[in-house]
Amino acid sequence: MGDLEIRRTTARDIPAVVAMLADDPLGAQRESPDDLSPYMAAFERLRTDPNQHLVVAVREDRVVGTLQLTIVPGLSRRGATRSIIEGVRIHGDERGSGLGTQLIEWAIDESRRQGCHLVQLTSDKSRTDAHRFYERLGFSASHTGFKLQL
């Protein structure tokens with residue numbers, strides 16, 4: 001399948017990243033790949049924030065995966081720093097190839113390098129396949145999450 005590179009996202013990668021975000025039933029309802037301007041503005045905020053790590057997985061010059069890793073300093077757990085994994089997406093052609101595992105392992109390793117004591121993520125209740133995937137990687141569904149749309 002070719003060599004894989006996991007690297008920081010560039011502005012040129014944004015169309016491919018947004019296409020992957022929109023390529024599932026939930027993403028199709030909330031993403032707008034036809035208008036990249038809000039995504040480019042968000043990318044600029046992410047690019048300049050040292051606690052944000054937006055990465056892509058690239059194989060043969062093609063973006064095939066993405067995730068965002070956020071480093072969150074805190075007071076709880078004796079002042080522990082934690083990380084949050086968000087926006088994990090794998091291109092449809094690559095699902096089942098082990099790429100998702102490689103991306104999550106990258107995020108865990110980077111979290112360790114950043115001095116994090118905990119890695120956390122949320123996953124929509126409807127994504128049962130993703131839940132099995134995260135549990136297989138050692139994550140546990142230990143909390144109930146809440147969201148408030150603003």
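## The sheet

Two strands count as paired if DSSP finds at least two bridges between them. In this predicted model, 5 strands form an open sheet in the order 1-2-3-4-5. The pairing is mixed. Strand 1 and strand 5 stand at the edges. Each has a single partner strand, so one side of each lacks a neighbour in the sheet. From one strand to the next, the twist averages 25°.

Strand 3 and strand 4 run antiparallel and pair over 7 bridges. Take leucine 69: its bridge partner in strand 4 is isoleucine 85.

## Helix 1 on the sheet

Helix 1 covers residues 14–22 and packs on the sheet. It touches strand 2, strand 3 and strand 4. The direction of helix 1 makes about 85° with that of strand 3.

## Helix 5

Helix 5 spans residues 99–113, which is 15 residues. From first C-alpha to last it reaches 21 Å. That is close to the 21 Å expected at 1.5 Å a residue.

Which residues of helix 5 are buried? They are Leu99, Gly100, Thr101, Leu103, Ile104, Trp106, Ala107, Ile108, Glu110 and Ser111. What do these buried residues pack against? Their partners are strand 1 (4–8), strand 2 (52–59), strand 3 (62–72), strand 4 (81–90) and strand 5 (116–121), along with helix 6 (128–136).

## After helix 5

Glycine 115 follows helix 5. The phi of glycine 115 is positive, near 80°.

Notes. Residues numbered from 1 in each chain as written. Predicted model: local features only at pLDDT ≥ 70, side-chain atom pairs only at ≥ 80, totals over all residues. Heavy atoms only, no water. Helix = DSSP H or I, 4+ residues; strand = E, 2+ residues; numbered from the N terminus. Expected span 1.5 Å × (residues − 1). Buried < 20%, exposed > 50% of the residue type's maximum accessible area, 1.4 Å probe, protein only. Contact = heavy atoms within 4.5 Å. Axes fitted to C-alpha atoms, helices over the stretch in contact; angles between N-to-C directions.
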